[in-house]
Amino acid sequence: MDDTKTASLIEFLAGARRVVALTGAGISAESGVPTFRGKDGLWRQYRAESLATPEAFSRDPALVWEWYDWRRGLIAPVGPNPGHEVLAAWEERFENFAVITQNVDGLHRKAGTRNLLELHGNIWRARCTREGTVRELPATPLPRVPPLCPDCGALLRPDIIWFGEPLDPDVLDRAFALSAGCQALFVIGTSSVVQPAASLPAAAARAGARVIEVNLEPTPLTPYADHFIAGPAGRVLPSLDRQLREWTDPGHSSGKGRSS
Ligand code: APR
């Protein structure tokens with residue numbers, strides 16, 4: 001993005017009050033969590049149909065749990081990266097800031113983000129297939145595969161939205177309300193192909209928000225975004241944050257102080 005466009009974006013953000021970030025697997029890539037459709041992405045190695053669908057689970061719950069526990073084993077030792085950390089800090093910078101994530105890795109929460117919507121669930125939680133109760137399932141490797149509900153003995157399933165399953169309607173409504181109510185929507189590290197998350201930027205744009213995409217490469221969203229910033233989120237977000245701080249720091253010639 002050229003300097004003039006960057007400066008206008010920073011000036012705009014310096015005055016913005018309601019800002020939302022929609023994130024995908026790309027924001028966790030620099031933490032060492034594999035993406036889905038990238039070069040060594042999970043869906044290049046494994047068939048989603050045989051691992052991330054309700055049909056796959058009813059066919060072979062142990063196989064599905066082995067795969068999720070393998071992913072939990074990958075995620076457990078890693079931590080948030082500067083991309084997650086800047087978004088957590090932006091809860092203090094902007095009057096209204098929220099993160100809507102497609103990620104199930106829990107790294108936004110680990111970075112300190114509180115205003116968080118997890119569209120696709122969380123890999124550290126499980127749900128009872130009989131009672132529907134949701135519980136934390138922190139231990140990996142799992143002591144027993146497949147894990148059973150300690151209350152009723154029924155099968156537990158990962159608290160994750162699988163392909164072909166509807167998202168939690170309350171979570172989805174809040175995600176669209178946040179997107180349609182913000183002045184700026186960041187779309188970070190997502191291939192923007194999976195619905196309904198991929199429709200959130202259009203809802204924001206329709207309501208007059210600026211859409212700012214951060215990705216290593218263009219996506220189907222890029223032609224419609226107001227700004228496309230090419231680069232790794234773990235570098236782009238700290239750079240934007242630094243420029244914002246310089247802009248809003250009273251010492252900066254055209255600074256205006258914190259957006260109030
Ligand atoms: N910084 C920014 N973007 C990155 C980085 C990075 N360091 N690394 C990869 N990317 C980009 C890739 O270019 C790609 O566009 O992140 C995107 C990751 O896309 P996907 O792997 O398709 O992941 P995502 O968009 O989150 O997938 C959506 O699909 O498989 C389902 O439920 C799963 O939540 C997931 C959903």
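Predicted model: local features only at pLDDT ≥ 70, side-chain atom pairs only at ≥ 80, totals over all residues.
## The second largest pocket

Glu118, Leu119, Gly121, Arg125, Arg127, Val134, Asp159, Ile160, Ile161, Asp168 and Val171 form the lining of the second largest pocket. Strand E4 (121–128) and strand E6 (156–160) are the elements that give two or more residues to this lining, and E4 gives the most, with three residues. Strands (E, at least two residues) and helices (H or I, at least four residues) are DSSP runs, numbered from the N terminus. The volume of the second largest pocket is about 160 Å³.

Residues are numbered from 1 along each chain as its sequence is written, and side-chain values use heavy atoms, with hydrogens and water left out. A pocket is an open set of points, on a 1 Å grid over the protein atoms alone, where a 1.4 Å probe fits, with protein on both sides within 12 Å along at least five of seven lines; its lining residues have an atom within 4 Å of a point. Its volume is the space filled by probe spheres set on the points, which are joined across faces, edges and corners.

By class, five residues of the second largest pocket's lining are nonpolar, one is polar and five are charged. Here Ala, Val, Leu, Ile, Met, Phe, Trp, Tyr, Cys and Pro count as nonpolar, Asp, Glu, Lys and Arg as charged, and the others, Gly among them, as polar.

## The largest pocket

Now to the other pocket: the largest one has a volume of about 1,000 Å³. Among its 49 lining residues, Ala25, Thr35, Phe36, Arg37 and Ser191 are the closest to its centre. Helix H2 (26–29), helix H3 (42–45), helix H5 (61–75) and strand E8 (210–215) each supply at least two residues of the lining, with H5 giving the most, four residues. The lining has 26 nonpolar, 17 polar and six charged residues.

## The ligand and its shell

The largest pocket is the space taken by the ligand; a molecule sits in a pocket if more than half of its atoms lie within 2 Å of the pocket's grid points. There are 22 residues around the ligand, and Arg37, Trp43, Thr190, Ser191 and Asn215 come nearest (a residue is near if one of its heavy atoms lies within 4 Å). This shell divides into nine nonpolar, ten polar and three charged residues.

Polar contacts (pairs of N or O atoms within 3.5 Å) include one from a polar side-chain atom of His120, 2.9 Å from an oxygen atom of the ligand. A polar backbone atom of Gly189 is 3.2 Å from a ligand oxygen atom, and a backbone N or O atom of Ala233 lies 2.9 Å from a ligand nitrogen atom. The protein covers 92% of the 740 Å² of accessible area that the ligand has on its own (Shrake-Rupley method, 1.4 Å probe).

## Backbone details

Two cis peptide bonds deserve a look. One joins Thr140 and Pro141, with omega about 0 degrees, and the other runs from Val145 to Pro146, with omega near -5 degrees.

Ser192 is not a glycine, yet its phi is positive, at about 55 degrees. Ser192 belongs to the loop between strand E7 (184–188) and helix H9 (200–206).

Conventions:
Polar contact = N/O pair within 3.5 Å; in protein donor to acceptor, adjacent residues only side chain to side chain.
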